[in-house]
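Here is a quick tour of a few spots worth a look.

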Amino acid sequence: MVSTTATERRSLPGILLLFAALIVALLTFIPTAAHAETTDESAKQTEVCAPSATVGCLSGTLRDAGAGVVVSATGPGGTVSTETDDDGRWSLSVEQPGEYSVTVDPDTLPDGVTLRSDEPQVRTVTLGANTAALFSLESAGGSGDGGTTSGGTTTAGSGFNWDRLAQQAASGLRLGLLLALAAVGLSLIYGTTGISNFAHGELVTLGGLLAFVFANLLGLNIWLAGLIVIILCAAFGYTQDLAIWKPLRKKRLSLTQLMIVTIGMSLALQYVFQFFIGASTVRIVMANPKPVQIGPVSLSQDSLIAMGIAVVVLVAVGLFLVKTRVGRATRAVSDNPALAAASGINVDGVIRLIWTASAALAGLAGILLGLVLNGINWMTGMQLLLLLFSAVTLGGLGTAFGALFGALIIGMTVELTNIWLPGDFKYATALLLLILLLLVRPQGLFGRKERVG
């Protein structure tokens, strides 16, 4: 690895122009007309809903309800209804945005299964987006089994039972693994440069939205689309360091100034995403996920594949850092950049590699999160950023392995807390855990004590 040459500096404007033109061309390829036919709202719907510019979707899954359960929605577009399939999945399409009252016909539920609450679920439907409606069921024996969204998460705050504990633990492991993909890169950037990158969440969003463009709009195979997106995200990370961060490092800006630059970049990218994609949630693939039942745990096929990919990639990153020469150089720069440079290590080359790899990992996390959550929007990364920083700080600033374990702990805490606390209260418990740990161990789980002053 060598430092930037005069030729590289002369070619920089061309590289930036080419990369910017490619991203703009991809993001502007968004159809303005409907790309799916809608069903007659005066009759019962039987087709799987596909969101488009003129169609919005309501969907969900009633676990263990089976086929034939009638679900209806009443709103600005009138009343529409459908029946669940053999796996309990259902979806409804509407052509008028607004608030819809979603109900389940209790007379169509299987024997011994009842609704915990007969109150309708009120959901705001946006054209071009998929909105989940949750219903909680219980059997005659009293053991509750919550209806799930198509992503597989259960109704919040409905009480404890062992099946629910297993389900939430599996969901926590899934969330932790996907957070770890992005948190490891964020931690490596901090370790090698000292920068707290507040734009890292937008790299996650970029991966998901580009996957939507390639897989949904351009119709590419999801595996090919994912590979292209990872390469583009890596190129974006490389270009960032080449065009922004290295010149700013040469000017010896303080870490506070660099942090403010990352905040500005985060805001700029958010509004770029919103300008080209819009504010609605988009789906990378249109088909509803297929649930897989493993004992008391129900996860979608997409979730299991995403977890497997995350494990393989995280193991590969760990082996790279421990077993390869470049990985050892990366850890040396993270420990002491000045000493690493004095030892003959190309610090700038290592930092550029870290920016490139971190952007690629964040892009992969965005793809997998978009598939698992069955949708992604312009502010997904911003919503995850606090959890990412919590994971990095909990594990120990600048340590990749600490970020991995910190992400797993945060993911498990968030989902297990969801058994008792409803809604976004679960995120507060992750921050409370972080505060309590820092009071006892300020350097984090894997961080080293440092002398200050």
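What follows covers a disulfide, a histidine, a glutamine and a pair of helices.

Keep in mind that this is a predicted model.

**The disulfide**

Let's start with the cysteines. The structure holds one disulfide, and the partners are C49 and C57, with sulfur atoms 1.8 Å apart. A disulfide, after all, is a covalent bond between the sulfur atoms of two cysteines. Which hand does the disulfide of C49 and C57 have? The torsion about its S-S bond is about -75 degrees, so it is left-handed. C49 is buried, at 5% relative accessible area, and C57 is buried too, at 0%. Another cysteine to check is C233, which is buried with a relative accessible area of 2%.

Here are the accessibility values for the residues on this tour:

| Residue | Relative accessible area | Class |
|---|---|---|
| C49 | 5% | buried |
| C57 | 0% | buried |
| C233 | 2% | buried |
| H200 | 0% | buried |
| Q293 | 44% | partly exposed |

**H200**

Now over to H200, which sits in helix 3 (residues 200–217). Is H200 buried or exposed? With a relative accessible area of 0%, H200 falls under the 20% cut-off, so it counts as buried. Its side chain reaches the backbone oxygen of A182 at 3.0 Å. Leaving out residues up to four places away in sequence, H200 touches A182, G185, L186 and I189, along with S358, A362 and L388.

**Q293**

Q293 belongs to strand 11 (residues 291–294). Beyond its neighbours within four places in sequence, Q293 is in contact with R63 and S298.

**Helix 2 and helix 11**

Last stop, a helix pair. Two packed helices are described by the angle between their axes and the distance between the axes. For helix 2 (residues 162–193) and helix 11 (residues 400–417), the axes come within 6 Å and cross at roughly 145 degrees. This crossing of helix 2 and helix 11 is right-handed. What kinds of residues make up the contact of helix 2 with helix 11? They divide into 19 nonpolar, six polar and one charged.

Technical notes
Residues are numbered from 1 along each chain as its sequence is written. This is a predicted model: local features need pLDDT of at least 70, side-chain atom pairs count only at pLDDT 80 or more; totals for chains, interfaces and linings use all residues. Side-chain values use heavy atoms; hydrogens and water are left out. Axes are lines fitted to C-alpha atoms, for helices over the stretch in contact, and angles run from 0 to 180 degrees between N-to-C directions. Helices (H or I, at least four residues) and strands (E, at least two) are DSSP runs, numbered from the N terminus. A crossing is left-handed if the near helix is turned anticlockwise from the far one by less than a right angle, and right-handed if clockwise. Ala, Val, Leu, Ile, Met, Phe, Trp, Tyr, Cys and Pro count as nonpolar, Asp, Glu, Lys and Arg as charged, and the others, Gly among them, as polar. Buried means under 20% relative accessible area, exposed over 50%, partly exposed in between (1.4 Å probe, protein chains only). Contact means heavy atoms within 4.5 Å. A disulfide is a pair of cysteine sulfur atoms within 2.5 Å. A polar contact is a pair of N or O atoms within 3.5 Å; within protein, one must be able to donate a hydrogen and the other to accept it, and residues adjacent in sequence count only if both atoms are side-chain atoms.
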